[in-house]
Structures are given as structure tokens and as C-alpha cells.
Amino acid sequence: MRALCWTSGGELTVGQVPDPELRNDHDVIVRVRRSATCGADLSLLAGQTPGLAAGDVLGHEFLGDVIEVGPQVRRHRVGDRVVVCASVACGACWYCRRGLPSCCDNGSTDPIANEAQWGHPVAGCFGQPRAAGGFAGSHAEYVRVPYADVGAFPVPESVGDDRAVFASDAAPTGWLGAEGAEVRPGDVVAVWGAGAVGQLAARAAWLLGAERVIVVDRHPARLLMARQHIGVETIDQRDSDVSAQLREFSGGRGPDVCVEAVGGPAGEHRTLADRFTGRTRVPEAVREAVYACRKGGSVFVLNGAAGHVDAFPVGTVVHKALTVRGGRQHGQRHIPMLLDRMARDELRTEHLATHHFPLERAAEGYALFRDRPDECLRAVFTPH
Amino acid sequence: MGRVGTVVAVAGALGVAAARAARTAVGRQRARLTSVPGPTEARRTGHPRRWQVVTVDRPPEQVLPSAVWPEPLRRLGDAVEVEVARAPGGRGTELAARVRPHADWPGLSAHLLGDDPSLLVRRTLWQVKQLAETGEVLRADRMPDERGPVVPDVRPSSDGPQR
């Protein structure tokens, strides 16, 4: 089959790789209908996450049709149109059984490497280095889906592919930002980042009853999109004192809830000198959120590409009695609810797919997504 | 790990021998798991004999059916000692293992050990946990080094995977 692969030179190429095969009894094979680019991939391509091997297939946000099922699969049949959660979780461990599938103990094929990276093994993910799961990505004609009864969900007939594909990752991630920060009716919510996740976090805040939602970004086209499609107010970081403006918007209190959804900074490299001296990035959006948030408020960090950062205002967290939490999406818990909302038109996501490419032009799609010369929010690939 | 109802086994043996060891060692102190080997032992063996522990979200009788070690542990033979105890708060079973001093590693295990046998022990414990919780050990997709180099190709889509 054809797939988009990372090459040893750090470039991307579409090439022929062997078809996926059932490797465990709970697997299915999915014929990919849509597979979306994601900001998390940019930090991979920028070399910020070690471990990609030449030939690794990228992509983790996708939907498709089931074409083969393992002997222990109970909920899916050949021909089902399913959206697949980007992260891989077993549904059977202590964390999964308590609604925390992104913390799954059994979602990685190399939990030892996972422990070395994060202290404990966490859920795997498609299209990442081996240490993050061991599962080939979705920018391909076919994908093997482990624990399919847990991580694949039938798509309602009324929900189109360009809407449903974002139920794989961006929508559950955005939902987690709002739900995890405990947005309540009447809250003022600020979201950093007007990309797909930021917009969907803002939408989730509306749906959870927020009184006022403000999105902060430095890309005017994205802010315009957020105003038009999500109905939020916006702040352009380039010409604003963000904290001062947020105080204005919130009666001087500061937002009740702040959600960081800026994703990995595109193309930012750690130099050899940075690695030698241990210099780390400053988490600008998180820092700004912590300063802006009202006393006793809640800050939720969604940026999984943050890795190690420094210059974090811990004292502000203490003196303002903030709650700071983070997390990767719990799609196994949220995707059915999100698909229902999509079917009811409460959650519309088609506008996020600003560019479509056939799979053979996927490398071009990534270049556009990374460099944004054409205000590309998400490039979506159609392998068939 | 509470002492009441705790099943503690020190064994590296198989089948009946393991079951016998499990029965005879009931009541062993939890403190054993928290002891840190001294520098003398680490110097002698080349490795600190730290216990590797995982918590399995299943009761001991499911982790250790008929008091027989699950297959991944059996492969380590006499090379490890193992302890099993009920985890607090209804969290299942704490399964601990560590390398025996001067252990003779069987067959392939010896080849795979590298510099740190505790890594193999830890990986084995994770496999036991996965088996008990999900019924299978999760396998990775074929990695690029198994598949061979990517062949650049822009042929049109096929109708289905070639098998």
C-alpha cells in the first residue's frame, strides 16, 4: 500500500510499504477515508521528539471503513464506517476503567521506553515514534487498529467524513480542555490558540455554559475563523496586552478558566548548544494564562508537545490558589458524545479542513500546514 | 500491600513447585519490597537487586490462577524471585520480581539481557499485567527495520490490501 513516510533526511515521501496485518485478536484493519494533519506532527518533523525511524508512517487523526476484524472483536463488522481515537487504550486497566484512557497502562507496546520518557507508561498513539506506542500512522491506505472495540466508533450516517474526522483527536482534545478545567455556566473562558483544538475547546466551553469565550492567537486568519465559526471574541497577541485586555473582558477579575491549546511551535529547533547547556523553552502561553487567570481559577494545559520547559511562575500558582491541570484527550470516553453532538449540528468542524490533498501529495500538504503560506489550518488527506 | 490476606511467594520454579513456594511463604513482610540493596551487593553483582513491581488491576487469583506463574514469568525460570500481594484500596495485585544473585539466565533470556537484567524482569512483569488485564500482549506493527526500505511510488490506489 501507499503511505506517507518519514525519511532519514527528515523529509517526507509517499512510498510503498507492506499492508498492515492483524497482530492481536482485538485488532481491526481500516481502509482510510480521511486522515488529517495535526500540530503535534510538526514537533516530530522539527526533530523535537526523538525516535522517529526512517520509514515510519505518520498520521493519527482519521476515519475509515472496517475491512478486516480480529477473532475477539465484538462491536465491529466489515463495512462499518468508524472514527478511530488517535490514542490507543485497552479499556481494561485501572485507569481506563476510571475514565482516564489517555493514562492507559496497556496502550503501548514498549512501556519501558514510555516510563523512561514520562515516568509512567501512558496511552499509545498512531504515527509516533516506537516509544509512543509502536503503531503505524494513518496517512496511508490502510491502518491496523488495536483494541478496536475500545477505540473505534461507528459514525452516524448523517455525519460527513470532513466533520467526523475531527472526532478522532481535535474535538476530544478541545472538549477535555473545557471539561477538565471545569467550565461552569456563567464562566468567562479564555483559550490560547485558534487552531483546530483551540476552536473546539472554545466551542466546548460554549456548550458547557460559558457566558463569554475569548480566543487568543497571533494569526489574524485563524482569529477571523474563530469569530465566524465559533462565535467567540478574539485578542490578537501581536498588538495587545493580553492580560490587560482579558481583565477588561472579565470585570477586572480575570478569566475563570484558561485553556492552553497552542500546540507545538512550528519549526522551532533546540540547537546543539541548547541541548548542551540544558536550555529549555519558555511556556509563553501557559505563563500568560497563569498570570491572567482569576484567583482560585483553573488553567488547563493541552499542549502535549511542550516537553520540558522552564521559567514557569510557580509562585503565581501558589499565591493565586490556581488549579493547573493537563491532559491528553480521553477520546474513548468522549467520542460517542461528540459524534452525537455532530449529528445534532451542535458541533460543526468541516471548516477546519481548509485544504484537501490526495495521499500522493501529502508531503506537499505538510509543507503547506507547516509554513501556512495559504492560511492552512488543517490539511486533510484522502488516500482513496 | 496489606499483610492480611497477602499471598507472598518467593520462587523461580515452575508449576507445583511454585504453588508450594507460594503457600509456604504466606505472611512474608512487605518491608522486603522496600529494602534497598547496599553498595556491597551492587558491587558484587554489578546491579542493584531492586524489586521491579507492577500493579495488576485484577485479584491475585486471576493473576496467578492455580498458583502457577503466567507464561512470561515461567520463561525466566530460576533466575528471579517473585512476590505477589493484594494491593490496597481494591487496586488488584502487586506483582514484584527481582533477579536472584548469581542467577543463571536461561537460553534466549541470557542473550537478551544486555547490561541490565532488571529491564527484562520489568518488561516481563508488564507482559504479565497485559495478559491478565486484556487477555493478550500487545504487539507492535512491523517496524521499518523489519519491512525494508520505503519504495517511492505514486501508483493509483489499490482496491484492497494485497495479502
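Biologist: In the hairpin of strand 1 of chain A and strand 2 of chain A, which residue takes a positive phi?

Modeller: This is a predicted model. Strand 1 (residues 2-6) and strand 2 of chain A run antiparallel and are joined by 5 bridges, one bridge partner pair being A:Arg2 and A:Gln16. Between the strands of the hairpin there are 5 residues, and the residue with a positive phi, near 80 degrees, is A:Gly10.

Biologist: Which element of chain B gives the most residues to the side that touches chain A?

Modeller: The contact between the chains involves 32 residues of chain B and 42 residues of chain A. On the side of chain B, the elements that give two or more residues are helix 7 (117-134), helix 8 (144-147) and strand 4 (151-152). With 8 residues, the element that gives the most is helix 7 of chain B.

Biologist: How many residues on the side of chain B that touches chain A are charged?

Modeller: That side is made up of 32 residues of chain B. By class they divide into 12 nonpolar, 6 polar and, for the class asked about, charged residues numbering 14.

Biologist: What angle does the direction of helix 7 of chain B make with that of strand 1 of chain B?

Modeller: Chain B has an open sheet of 3 strands in the order 1-3-2, with antiparallel pairing. Its edge strands are strand 1 (52-56) and strand 2 (80-86), and the twist averages 20 degrees from one strand to the next. Helix 7 of chain B packs on this sheet and touches strand 1, strand 2 and strand 3; the angle between its direction and that of strand 1 is about 10 degrees.

Biologist: In strand 3 of chain B, which residue is the bridge partner of B:Thr55?

Modeller: Strand 1 of chain B pairs with strand 3 (residues 93-99) of chain B in the antiparallel sense, over 5 bridges. Within strand 3, the partner of B:Thr55 is B:Glu94.

Biologist: Which strands are the edge strands of the 6-stranded open sheet of chain A?

Modeller: The 6 strands of this sheet follow the order 12-11-10-13-14-15, and their pairing is parallel. From one strand to the next, the twist averages 20 degrees. Pairing on one side only marks the edge strands, which are strand 12 (233-236) and strand 15 (323-326) of chain A.

Biologist: Are helix 5 of chain A and helix 12 of chain A roughly parallel or roughly perpendicular to each other?

Modeller: Helix 5 (residues 170-180) and helix 12 (residues 331-343) of chain A pack with their axes 9 Å apart, at an angle of about 105 degrees. Since angles of 65 to 115 degrees fall in one class, the two helices are therefore roughly perpendicular.

Biologist: How many nonpolar residues does the contact of helix 5 of chain A with helix 12 of chain A have?

Modeller: Helix 5 contributes A:Ala171, A:Pro172 and A:Trp175, while helix 12 contributes A:Gly331, A:His334, A:Ile335 and A:Leu338. No charged residues take part and 2 are polar; the nonpolar residues number 5.

Biologist: What distance separates the centres of domain 1 and domain 2 of chain A?

Modeller: Chain A is divided into domain 1 (2-169 + 329-382) and domain 2 (170-326). Taken over C-alpha atoms, the distance between the centres of these domains is 25 Å.

Biologist: What radius of gyration does chain A have?

Modeller: The C-alpha atoms of chain A fill a box of roughly 60 × 50 × 45 Å along the principal axes. For 384 residues, a compact globule would have a radius of gyration near 21 Å; the value for chain A agrees with this, at 20 Å.

Key. Residues are numbered from 1 along each chain as its sequence is written. Chains are lettered from A and ligands numbered from 1 in the order in which they are written. This is a predicted model: local features need pLDDT of at least 70, side-chain atom pairs count only at pLDDT 80 or more; totals for chains, interfaces and linings use all residues. Axes are lines fitted to C-alpha atoms, for helices over the stretch in contact, and angles run from 0 to 180 degrees between N-to-C directions. Helices (H or I, at least four residues) and strands (E, at least two) are DSSP runs, numbered from the N terminus. Angles under 35 degrees count as roughly parallel, over 145 as roughly antiparallel, 65 to 115 as roughly perpendicular and the rest as oblique. Two residues are in contact if their C-beta atoms, placed from the backbone, lie within 7 Å. Ala, Val, Leu, Ile, Met, Phe, Trp, Tyr, Cys and Pro count as nonpolar, Asp, Glu, Lys and Arg as charged, and the others, Gly among them, as polar. Domain bounds come from an automatic or database domain assignment. Two strands pair if DSSP finds at least two bridges between them. The radius of gyration is taken over C-alpha atoms; the globule rule is 2.2 Å times the number of residues to the power 0.38.
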